[in-house]
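Hello,

Please open the structure below and keep it beside this email. My notes on it follow.

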Amino acid sequence: MKTCPACGTANSDTANICKTEWCLYRFPPQDTIVDPGTQFLFDQGDVIADKYIVDRRLGNGGMGSVYLVKSVHIDIKYALKVLHPVLAQNRELVERFKQEIIQLLHLGHDNIVRAHDYDTWKDHHFFTMEYVEGISLDRLLASRSEKTPPFSVQEAARIMDQLL
């Protein structure tokens, strides 16, 4: 059994999409998942590519980790997403990672973070994007774990309106 990270529902090991009707979370392909416990690549104070100073790790997932960093040159914070080194050995996954930043660079919307930079440093593929303070969706859902579904129709409509 695998648990949906969005709603907490138990799904079969072979599920591609969460079985909860209102959730529909898509599980990543198994070949792109790395144990999140092995993904702490940088520590507070590390300097990456002579451009960014690591403040803290914001989170990690199946393909890598995200860190809060600050520019070495100007007082601006970014979110830095780094591809896990194990996955960086797979050219197809590196290309998929690059496509993510290319797509972000071409998007422009108030509710989509802006991408800033793509680089490779010491065999670490990473990109930076706008850092937006606030509560993560995971934390918001966890705070509402007693409710099923976790959002009222009005709340869900407000959230969906921001996506359009």
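The face of α1 turned away from its buried side carries Arg91, Glu92, Gln103 and His106, which are exposed. Exposed means over 50% relative accessible area, buried means under 20%, and partly exposed is in between (1.4 Å probe, protein chains only). Helices (H or I, at least four residues) and strands (E, at least two) are DSSP runs, numbered from the N terminus.

A word on the source: this is a predicted model, where local features need pLDDT of at least 70 and side-chain atom pairs count only at pLDDT 80 or more, while totals for chains, interfaces and linings use all residues. Residues are numbered from 1 along each chain as its sequence is written, and side-chain values use heavy atoms, with hydrogens and water left out.

Back to the helix. α1 covers residues 91–106, 16 residues in total. From first C-alpha to last, α1 reaches 23 Å, close to the 22 Å expected at 1.5 Å a residue. The expected span is 1.5 Å times one less than the number of residues.

Which residues of α1 are buried? They are Leu93, Val94, Phe97, Ile101 and Leu104. These residues lie on the same side of α1 because they cover an arc of only 110° around the axis. The arc is that of the directions from the helix axis to the C-beta atoms. An α-helix has 3.6 residues a turn, so residues three or four places apart point the same way.

What covers this buried side includes β6 (77–83), β7 (115–121) and β8 (124–130). At the N-terminal end, Asn90 caps α1. One of its side-chain oxygens lies 2.9 Å from the backbone nitrogen of Glu92.

**The cores**

The largest nonpolar core has twelve residues, including Ala79, Leu87, Phe97, Ala115 and Met129. A nonpolar core is a set of buried Ala, Val, Leu, Ile, Met, Phe, Trp, Tyr and Cys residues joined through side-chain atoms within 4.5 Å. β6, α1 and β8 are the elements that give two or more residues to this core. α1 gives the most, with five.

Look at Phe97. Not counting residues up to four places away in sequence, Phe97 touches Lys81, Val82, Leu83, Tyr118, His125, Phe126 and Phe127. Contact means heavy atoms within 4.5 Å. A second, separate core has eleven residues, among them Ala49, Tyr67, Val69 and Tyr78.

**The sheet**

Six strands form an open sheet in the order β3-β4-β5-β6-β8-β7, with antiparallel pairing. Two strands pair if DSSP finds at least two bridges between them. The edge strands are β3 (47–48) and β7, and each pairs on one side only.

Now walk across the sheet.

- β3 and β4 are antiparallel, with two bridges. Ile48 has Tyr52 in β4 as its bridge partner.
- β4 (residues 52–60) and β5 run antiparallel, joined by seven bridges. They form a hairpin with three residues between them. Arg57 stands opposite Tyr67 in β5.
- β5 (residues 64–71) is mostly covered, with six of its eight residues buried.
- β5 and β6 share seven bridges, again antiparallel. Five residues lie between them in a hairpin. Lys70 stands opposite Lys77 in β6.
- β7 and β8 pair antiparallel over six bridges. Asp117 has Thr128 in β8 as its bridge partner. Two residues lie between these strands in their hairpin, where Lys122 takes a positive phi near 50°.

Best wishes

Terms used: A polar contact is a pair of N or O atoms within 3.5 Å; within protein, one must be able to donate a hydrogen and the other to accept it, and residues adjacent in sequence count only if both atoms are side-chain atoms.
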